[in-house]
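Trainee: I am new to this structure and would like to go through it with you. Please show it first, and then I will ask.

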Amino acid sequence: MTEISNSSNTRSSSGETLEKLAEILEARKQAAPDSSYVASLYHKGLNKILEKVGEECVETIIAAKDASHSGNNQDVVYETADLWFHSLVMLSQLGSGPGEVLAELERRFGLSGLEEKAARGKS
């Protein structure tokens, strides 16, 4: 993830950060596979991207387990960033973006988690 730099010292809102990242990911779709990590993932296709999402998910789980014992969340934050990043690459590959996920999360405000889950018919 070293491809993305933030030259300003100011922090932007989470939504702005995700949208900026989504724009960069879209631009990488047009790049040569040997020019960036993300371009190489797009070139390898959805299965490779999904493999990376799964790998990052496992690494996040392990880091969370370790953090629960050590009390240090540094690695779990790092691995969660990798998981989110690769999830955004996946969404981009499928023609979606963070705005749709944020809208879905916003839609759920005020809903009981149990009621929402029951409405989907999942246990």
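Trainee: Which residues of H4 are buried?
Mentor: This is a predicted model, in which local features need pLDDT of at least 70 and side-chain atom pairs count only at pLDDT 80 or more, while totals for chains, interfaces and linings use all residues. Residues are numbered from 1 along each chain as its sequence is written, and side-chain values use heavy atoms, with hydrogens and water left out. Buried means under 20% relative accessible area, exposed over 50% and partly exposed in between, with a 1.4 Å probe and protein chains only. In H4 the buried residues are Val76, Glu79, Asp82, Leu83, Phe85, His86, Leu88, Val89, Met90, Leu91 and Ser92.

Trainee: What covers the buried residues of H4?
Mentor: Helices (H or I, at least four residues) and strands (E, at least two) are DSSP runs, numbered from the N terminus. Contact means heavy atoms within 4.5 Å. The cover over the buried residues of H4 includes H1, H2, H3 and helix H5 (98-107).

Trainee: At what angle do the axes of H1 and H4 cross?
Mentor: Axes are lines fitted to C-alpha atoms, for helices over the stretch in contact, and angles run from 0 to 180 degrees between N-to-C directions. The axes of H1 (residues 14-28) and H4 (residues 74-93) come within 10 Å, and they cross at roughly 55°.

Trainee: What does that make H1 relative to H4?
Mentor: Angles under 35 degrees count as roughly parallel, over 145 as roughly antiparallel, 65 to 115 as roughly perpendicular and the rest as oblique. The angle of H1 and H4 therefore makes H1 oblique to H4.

Trainee: Which residues make the contact of H1 with H4, and how do they divide?
Mentor: H1 contributes Leu18, Leu21, Leu25 and Glu26, and H4 contributes Phe85, Leu88, Val89 and Ser92. Ala, Val, Leu, Ile, Met, Phe, Trp, Tyr, Cys and Pro count as nonpolar, Asp, Glu, Lys and Arg as charged, and the others, Gly among them, as polar. The contact of H1 with H4 divides into 6 nonpolar, 1 polar and 1 charged.

Trainee: How do H1 and H2 pack?
Mentor: Their axes are 8 Å apart, at an angle of about 60°. H1 and H2 are therefore oblique to each other. The contact is made by Leu25, Glu26 and Arg28 of H1 with Val38, Ala39 and Tyr42 of H2. By class, this contact of H1 with H2 has 4 nonpolar, no polar and 2 charged residues.

Trainee: What do the buried residues of H2 pack against?
Mentor: Helix H2 (residues 37-44) has Val38, Ala39, Ser40, Leu41 and Tyr42 as its buried residues. They pack against H1, helix H3 (46-70) and H4.

Trainee: Is Gly54 buried, partly exposed or exposed?
Mentor: Gly54 lies in helix H3. Its C-alpha atom is separated by 8.4 Å from that of Leu83, 29 residues apart along the chain. At 33% relative accessibility, Gly54 counts as partly exposed.

Trainee: How many helices and strands does the chain have?
Mentor: Along the sequence the pattern is α-α-α-α-α-α. The secondary structure comes to 6 helices and 0 strands.
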